[in-house]
Amino acid sequence: MNWIIWLIFAVSVGLIVAVLVTPRVVEYVEAIEINATASSVYDATRFQADLMQWSAWPTTTGSQCRVENTDGEVGAQTVFLDKKGRRFGYQEVTRLEENRVVEFKLESKGPPHVPRLRVLFVPIRDDRTEVIMHFENAISAPFHLFLRLFGVVNWTREMHKKDLNGLKRFCEPSHEQYNGKPALLRPR
């Protein structure tokens, strides 16, 4: 019987130590080069109607989306809806620097966390742009440990890599949506 108490004690101490030493902030940077002008890649990112065509998230998660507020401006939101049409989260454009930066905050159900995404556009030449995606998420304890253990952190990073590839396919000829269908391009 004593060994059971010691085992429970050891597991509890191990869990407490793991919660204390595991970083609460997830942060990474991903980049891709796209054969398109900085202005066209910037527009494809700041306009939520375009972003939802190239983003992996709606297809992979089965979410429905709608754009609220003035698209392409600070305050524009992509609202995520479940299969019954109920809102369960959104991403909002929080900062725009023309042809240079688009920043988002993300809100969703789940453990308390503060995810932010900054996308930078660096012209390489007139017709080529490097896109740098910087993701940061402060996750409350003890959820940060479980999100890492269950692979959610790695899954999120892989989704952002898919998003960058989707942006590339959207901006370069043959202009495809994430699902492979022809993109619905806005007139320029």
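Is the crossing of α2 and α6 left-handed or right-handed? The crossing is right-handed, where right-handed means that the near helix is turned clockwise from the far one by less than a right angle, and left-handed anticlockwise. The model is predicted, with pLDDT of at least 70 needed for local features and 80 or more for side-chain atom pairs, while totals for chains, interfaces and linings use all residues. Residues are numbered from 1 along each chain as its sequence is written, and side-chain values use heavy atoms, without hydrogens and water.

Helix α2 spans residues 38-46 and helix α6 residues 152-171. Helices are DSSP runs of H or I with at least four residues, strands are E runs of at least two, and both are numbered from the N terminus. The two helices pack at about 120 degrees, with axes 10 Å apart. Axes are lines fitted to C-alpha atoms over the stretch in contact, and angles between N-to-C directions run from 0 to 180 degrees. Ser-40, Val-41, Ala-44 and Thr-45 of α2 meet Leu-167, Phe-170 and Cys-171 of α6 (heavy atoms within 4.5 Å). These contact residues comprise 5 nonpolar, 2 polar and no charged.

The largest pocket holds about 770 Å³. A pocket is an open set of points on a 1 Å grid where a 1.4 Å probe fits, with protein on both sides within 12 Å along at least five of seven lines; lining residues have an atom within 4 Å of a point. Of its 35 lining residues, Trp-57, Leu-106, Ser-108, His-113 and Trp-155 are closest to the centre. Helix α6 gives the largest share of the lining, 6 residues.

Two backbone features remain. The Pro-173 to Ser-174 peptide bond is cis, with omega near 25 degrees. Ser-174 lies in the segment after α6. Asn-69, in the loop between β2 and β3, has a positive phi near 70 degrees.

How values were computed. Nonpolar A, V, L, I, M, F, W, Y, C, P; charged D, E, K, R; others polar. Points joined across faces, edges and corners; volume = space filled by probe spheres on them.
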